[in-house]
Number of protein chains: 4
Amino acid sequence: MSGNTIGVLFRVTTWGESHGPAVGAVIDGCPPRLDLSAAEIQDELDRRRPGGLLSASPRREADRVEILSGVFEGRTTGTPISLMIRNSDAEGAAYENLRALFRPGHGDFSYQAKYGIRDHRGGGRASGRETAGRVAAGAIARKIIAEAGIDLFAFTRELGGITVGPISAATAPSSPLCCPDPEAEQRMLKRLEEARTAGDTLGGIVEIVVRGCPPGLGEPVFSKIDADLAGALMGIGTVKGVEIGAGFAASRMTGSACNDPIGPEGFRTNHAGGILAGITNGSEIVIRVACKPIPSITRPQETIDLQGRPAVVTIGGRHDVSVIPRIIPVCEAMVCIVLADHLLRQRAIDR
Amino acid sequence: MSGNTIGVLFRVTTWGESHGPAVGAVIDGCPPRLDLSAAEIQDELDRRRPGGLLSASPRREADRVEILSGVFEGRTTGTPISLMIRNSDAEGAAYENLRALFRPGHGDFSYQAKYGIRDHRGGGRASGRETAGRVAAGAIARKIIAEAGIDLFAFTRELGGITVGPISAATAPSSPLCCPDPEAEQRMLKRLEEARTAGDTLGGIVEIVVRGCPPGLGEPVFSKIDADLAGALMGIGTVKGVEIGAGFAASRMTGSACNDPIGPEGFRTNHAGGILAGITNGSEIVIRVACKPIPSITRPQETIDLQGRPAVVTIGGRHDVSVIPRIIPVCEAMVCIVLADHLLRQRAIDR
Amino acid sequence: MSGNTIGVLFRVTTWGESHGPAVGAVIDGCPPRLDLSAAEIQDELDRRRPGGLLSASPRREADRVEILSGVFEGRTTGTPISLMIRNSDAEGAAYENLRALFRPGHGDFSYQAKYGIRDHRGGGRASGRETAGRVAAGAIARKIIAEAGIDLFAFTRELGGITVGPISAATAPSSPLCCPDPEAEQRMLKRLEEARTAGDTLGGIVEIVVRGCPPGLGEPVFSKIDADLAGALMGIGTVKGVEIGAGFAASRMTGSACNDPIGPEGFRTNHAGGILAGITNGSEIVIRVACKPIPSITRPQETIDLQGRPAVVTIGGRHDVSVIPRIIPVCEAMVCIVLADHLLRQRAIDR
Amino acid sequence: MSGNTIGVLFRVTTWGESHGPAVGAVIDGCPPRLDLSAAEIQDELDRRRPGGLLSASPRREADRVEILSGVFEGRTTGTPISLMIRNSDAEGAAYENLRALFRPGHGDFSYQAKYGIRDHRGGGRASGRETAGRVAAGAIARKIIAEAGIDLFAFTRELGGITVGPISAATAPSSPLCCPDPEAEQRMLKRLEEARTAGDTLGGIVEIVVRGCPPGLGEPVFSKIDADLAGALMGIGTVKGVEIGAGFAASRMTGSACNDPIGPEGFRTNHAGGILAGITNGSEIVIRVACKPIPSITRPQETIDLQGRPAVVTIGGRHDVSVIPRIIPVCEAMVCIVLADHLLRQRAIDR
């Protein structure tokens, strides 16, 4: 609802700027007596940390999460869980040349228009670093839904225009790009290398699959589960499109082809992607999100300065060539958060 | 936030079932002293009413909106505006054969799973008729944003796989299918006729364009304008995908191609679709939504009954062949509602 | 949270003006499969209707509630319940002389200051008539909490300065003033008659007692059950004070006298009024609210007009001499609504 | 709305337990470009710190607030402001004897009933220490309302049954007990000393006065300014009663005496306490809250243990004899927070 809070019962508030003292999250509404340790949250955080095989991010944050409240002797107490991650490597001075320039593709211009002020260092609040708070909160959400038998993972469906072949992704892939098609992944890696050499960046498509979700989650008509998932995922900085089940392809199908027949064993197909009329139907939930290429390219770009005068901006430092695969745990976190919230909401009315 | 309410400051709550006594909406947070008449709301409602050129919907609702509160001597008072539309043509008995069967592609199964009870008549709460309340509320939202210079319209970008050619849609088209490409529209009409003959239905893609939106609307990080728009649009029953600006195509672009250069005159391209980091940037907002084919087809379909036994369901009556064009005012209404809410929220912090 | 909505999971939105077409409420979040009839709601509404023994209210509304949605074949469906009560006796013309004058003690001045417009007829939105929607919603809330074994009633503790003697109110009194002390009630009736003769009005104190409430309801730290009850009750137009348990008297006690000792059988005293640290403790919840005298007196009063010029206002018609006893079902309704909401919220985290 | 968050636009979330690593608050919705330093917040925190003249609290927290986000180069950015105060003196081991016992008058029993687990050290989340986050947030709220010309202060109206005489409190008193009547204060101090000697504690009444508040703040009908103030103040752990203006005394007045006549110069009396129909009317807002005696008395008390067996609890350490005067900045903070929220909400609809 509010700008920096998501959820009705399981509520996550994130805070922090890229180069401020810290980033973090407050999780309110977590059920009591859940085993929880910093190490579990750390595991999720480590998945989004810079420094993987292809990461060019120069930043080396320890990204150590600290639990400041809400956990007593290893179990949640039902009170707010405050998580903090210090920004140990915050060298804001390196961004001095960007103080008065708007980087194309970034939020610099729109933040300035909105607030009349902005922390220009590393994108400030609009930095991908903010998602550390989300991932930390998502680790808790994941525990809640796991208790209800829900499991989920995301993988790379497409990168730089290269699509994976027909897949039967039984588990979350652990390959460098979280890609279930080894042959396609090799081509993706090659394309990433080419883009890096060219000082350019690439986008891609991430698919999220949720298994074991009970039917009945989602609230008509403005908090449908697909509406909330779409909102949560479109709210990730890099995402420009979200589709559920057959998605955009459904718009080209006939009703007789798109409808999923129902048998005693369940739905026989899953063009609906596990959601009918905004409520889960017990099938797998299938979501795809389109990620734009990272806007931080090394080539000079046309822009304006704070006074509206033409300027050329050159973004220094080294940056990732694609948000994939680092965006994958963020996508998973958002889905976990939405599902945990709806799971609790459903419990309130189950009779 | 809650199931049937959307918005933080401009809050719309809809209520009503397809074949109950009435449907309606309560709009809370509308600024005072806005001229408002039932006739203005009626104009929007008439756009979504069955009975257009291609409509096969047998239902002929007068759909007369009544303003029950919040307006005094032709002006809003700042108190809740209650709108009601009687269901004058609610012949629920015709649905008796659907009481114990789940129609594929509809919310019958998921509602039953969620609530353990459902109003089976015409889809109950999951009926498209619920959107009458949204459209009525959207008419008020449109007046609020119009005062701020914001104008918006939607049109048919694709129907049954037929795409419009390159367009420069200066205004909302008034053709039968709200399609800016007359030649494509003729082919769409033909395809619709073929589908109707085959007892089948078609999906399509609607594009919404917002003009005159000031930069600065949208709140990081969980109520970004694109997140809220995606949530609001994905919450329309028929929608399975939402994309902003270049959308899914952005995932196949390089950063150097996707970034929109900035000049003193503004953004030189608009792959961002008017939104950067979740905040409007002053460019046109461009959104596309994928609509699945209407699930009410006339062919017999495999399903189960309330006891889980195999069954065949045949949906009688006559139904629309596509949600297009009737979904267009609904899409517009949801965008108007989200923009009105964010416009008011921005006023609160403008200094 | 929002102006005209209360509750997180059990959410009540009221709408309507005193002399508009109707007043009503939308209840969202009611659990499904609850037996519900208009007659049950009507019973509660009849308790607050003008026309009792001492009522001087000239208005004779049938106050017939109509259920417009959310109930199917006598049971709730989990979707929003829309309730409407037509204003059949809305003779707004009688208020024409008040169009440009601010009645002392009423909301006329503050509404005008807030909105720059107001419906002057009968107080518009600030009329006690708005509470019809609350009472209707409260009737549903009462059914929800009754299922959990919670029972509650309110009675007159004081009227016009006359206090009831030591009482052991086992049940809600059914006497004319809902007063458990017959002797005191006779004196109250006499005092009311004197005030009426003098063209004046009286205030009083209502006490609400909740029995059977399980321990554990209420959420630290900003949605404590006492905080939510105080907010809900102070939001009744006539209420100027709220106290829980020993209330203001607690401020004059020592800790050793105020603390409630705990035994295996439970709390041995109840100065806490059933609430500790904002969470119910299983004892009776005891609340008292101070009601100011009705501001509509028949004597001429000094005021100003819309242009700020001195004026004298004389309020015509006949009005009640005290909000007691008609306010009693309103107080009960607000407590039912708050408890129903917290009961559902607690279910969400019970493990 | 949610348990640990208050506000619609100016939203404060507090977190932290008495003896956890830290306490803190996240403030979301603060307008941008407000000058803000840690020192300003520290000034407010120092007012509630233990260690004043009469404080017996053994705890000596440095209570140094750290701004973790939302402020850039000395000005707010519009993004969440995260504040943290380390618990440097958290010697939880001292509370080991309370692990299995419920202290009368404290939240021990109700927390255990609600969550099935609790942090027993120093009251955990129910500790008065949680209010440090509120006071820190209130310091920011105070700056927002000060910009609009609103000023407020609280003072001791009564302590241990000793009431101040007729006062004309032009400014916030700076005396040891924040008491505007020096003679009464001397007697209060004596009474406090007697209570301490007796191992007992005292309650009192705090009055809050708001000056310069513009008319028009507050939203009918469930977010009236008096409703929100009452909820916010009743949510302070020690408060058992709240009254506005004439408060409980109004229940004994006649309408002709209670109504505030209006003249061209404004309201001639202020029995309404500055609020009519839930909306400010431009007069001083006057609120009184009843504080119960601190439940931590040194005498042995009857209670039960976790298994429900009778027990005697003796609370060691030294504790304050009264929440007055330390509660005064907390009361002020809550009023500041509510007013700041409503001020922003009003700006959204001002036209």
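# Helices, hairpins and copies

Colleague: Which residue, with a positive phi, follows H3(C)?
Modeller: H3(C) is followed by a residue whose phi is positive, near 90 degrees. This is a predicted model, in which local features need pLDDT (the predictor's confidence in each residue, from 0 to 100) of at least 70 and side-chain atom pairs count only at pLDDT 80 or more, while totals for chains, interfaces and linings use all residues. Residues are numbered from 1 along each chain as its sequence is written, while chains are lettered from A and ligands numbered from 1 in the order in which they are written. The residue you want is Gly149(C).

Colleague: How far apart are the end C-alpha atoms of H3(C), and what span should its 17 residues have?
Modeller: Helices (H or I, at least four residues) and strands (E, at least two) are DSSP runs, numbered from the N terminus. A helix is expected to span 1.5 Å times one less than its number of residues. For the 17 residues of H3(C), residues 131-147, that should give 24 Å, and this agrees with the distance between its end C-alpha atoms, 24 Å.

Colleague: How many of the residues of H3(C) are buried?
Modeller: A residue is buried if 20 or more other C-beta atoms, placed from the backbone, lie within 10 Å of its own, exposed if 12 or fewer, and partly exposed in between. By that count H3(C) is mostly covered, and its buried residues number 14 of 17.

Colleague: Which residues of S2(C) point the other way from Arg11(C), Thr13(C) and Trp15(C)?
Modeller: S2(C), residues 11-16, is mostly covered, with six of its six residues buried. Arg11(C), Thr13(C) and Trp15(C) point one way from the strand. Pointing the other way, and buried too, are Val12(C), Thr14(C) and Gly16(C).

Colleague: Which residue in the turn between S1(C) and S2(C) has a positive phi?
Modeller: Strands pair if DSSP finds at least two bridges between them, and S1(C), residues 5-6, pairs with S2(C) in the antiparallel sense over two bridges. Thr5(C) stands opposite Thr13(C). The two strands form a hairpin with four residues between them, and the turn residue with a positive phi of about 110 degrees is Gly7(C).

Colleague: Which residue in S3(C) is the bridge partner of Arg11(C)?
Modeller: S2(C) is also joined to S3(C), residues 22-28, by six bridges, and these strands run antiparallel. They form a hairpin with five residues between them. Within S3(C), the partner of Arg11(C) is Asp28(C).

Colleague: Which are the edge strands of the open sheet in chain B?
Modeller: The sheet has five strands with antiparallel pairing, in the order S1-S2-S3-S7-S4. Six bridges join S3(B), residues 22-28, to S7(B), residues 81-86, and there Ile27(B) has Ile81(B) as its bridge partner. The edge strands, each pairing on one side only, are S1 (5-6) and S4 (65-67) of chain B.

Colleague: Is Ala277(B) buried or exposed?
Modeller: Ala277(B) has a phi near 55 degrees, which is positive although the residue is not glycine. The loop that holds Ala277(B) lies between S14 (275-276) and S15 (279-280) of chain B. With 27 other C-beta atoms within 10 Å, Ala277(B) is buried.

Colleague: And is Glu73(D) buried or exposed?
Modeller: Glu73(D) also has a positive phi without being a glycine, here about 50 degrees. Its loop runs between S5 (71-72) and S6 (75-76) of chain D. Having 7 C-beta neighbours inside 10 Å, Glu73(D) counts as exposed.

Colleague: How many residues does the contact take from chain B, and how many from chain D?
Modeller: Residues are in contact if their C-beta atoms, placed from the backbone, lie within 7 Å. The copies meet through the same surface, because 100% of the interface residues of chain B are also interface residues in chain D. The numbers are 14 from chain B and 14 from chain D.

Note on methods:
Contact = placed C-beta atoms within 7 Å.
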